[in-house]
Amino acid sequence: MKPIFLLIAFIVMTSVSAQVIKNEVSTGQAKHPNLPLVDLNTRLQDKFNAVNYQGYYLANASLPDVSGSPFPFEDAVIIINTTDGKAYKVPNGNYNASTDEVVSNFAKDSSFVFQSNTIKSVKFQKYTAKPYSDTTSKISFYFELTPHASIRLLKKYSAKVIDGQINVLTKQKTSSDMFSLSDSYGITIDDKTVTEFKLNKKSVLKLLSSHKKLIQDFVKNENLSYKEEYDVIRMLNYYSVISKSN
């Protein structure tokens, strides 16, 4: 009975969320009014095929006994572009940094997880996430910070559970387990493979060595920091411009 109840709950939540998005479109608040909403209702005529086709349901995605959250953003409308050339507007979308999955949080403790191998890209409010392969051939979602530059700076979110403290005498927990969110950076030149990248002066100047003096002057004149994400984004975008002009 539990899977059926969960399925019914999702249908209700999807219907409510769809109405919210329709209201946003009518008032001009949505940025992508022409894209279709994810319509799980039609596919739910056969609930088992629907789950297999779209993804799967995950109860307690945030883990009830763990404080914090594996999601780096607030739930919002996201745009999923699929490998078969389609695009869908998804309500309550987010990225689960613990499992490296794109989800729709349709209830407080439940998520619908989309199949990663069917996703080409996901447009979040600020950046777009795409699957990239690292040097060990592991494929993960990375967020493109410089999508139009010749060298793309990518950001990877991760989340892990930190064990709570335990009283050595009573063996009882004195604090709950908690999610710890972290991030790391990478770069790609071929738009396929990611190599690890550190935000520091040595790494940046080595990467942009063909225009090292111009980059150093740009950093000095604009009072930028090699350790700040936004400043490094500006450096890479500037490098892309001067590389095209020379």
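In this predicted model, F143 is buried, with a relative accessible area of 2%. F143 forms an aromatic pair with Y157, and the arrangement is edge-to-face, with 5.3 Å from centre to centre and 85° between the planes. The pair links distant parts of the chain, since F143 belongs to strand β9 (residues 139–144) and Y157 to strand β10 (residues 152–162), 14 residues apart. Y157 has a relative accessible area of 14% and is therefore also buried, the limit for this class being under 20%.

The structure holds 10 aromatic pairs in total. Another of them joins F73 and F124, whose ring centres are 5.5 Å apart and whose planes meet at 45°, so that this pair is classed as tilted. Here, too, distant parts of the chain are linked: F73 is found in the loop between β2 and β3 (76–82), whereas F124 is found in the loop between β7 (119–123) and β8 (128–134), 51 residues apart. Ring pairs link F73, Y95, F124, F141, F143 and Y157 into a cluster.

The nonpolar cores can be considered next. The largest nonpolar core contains 22 residues, of which L153 and L208 touch the most other members. At least two residues of this core are supplied by each of β11 (177–188), α4 (201–207), α5 (212–221) and α6 (229–245), and the largest share, six residues, comes from α6. When neighbours within four places in sequence are left aside, L208 is in contact with I151, I215, M235, L236 and Y239.

A second, separate core has 19 residues, among them V66, Y157, A159 and F179. V66 lies in strand β2 (residues 66–67) and, because its relative accessible area is 12%, it is classed as buried.

Conventions. Residues numbered from 1 in each chain as written. Predicted model: local features only at pLDDT ≥ 70, side-chain atom pairs only at ≥ 80, totals over all residues. Heavy atoms only, no water. Core = buried A, V, L, I, M, F, W, Y, C linked by side-chain atoms within 4.5 Å. Buried < 20%, exposed > 50% of the residue type's maximum accessible area, 1.4 Å probe, protein only. Helix = DSSP H or I, 4+ residues; strand = E, 2+ residues; numbered from the N terminus. Contact = heavy atoms within 4.5 Å. Phe/Tyr/Trp six-rings, centres within 6.5 Å; stacked < 30°, edge-to-face > 60°.
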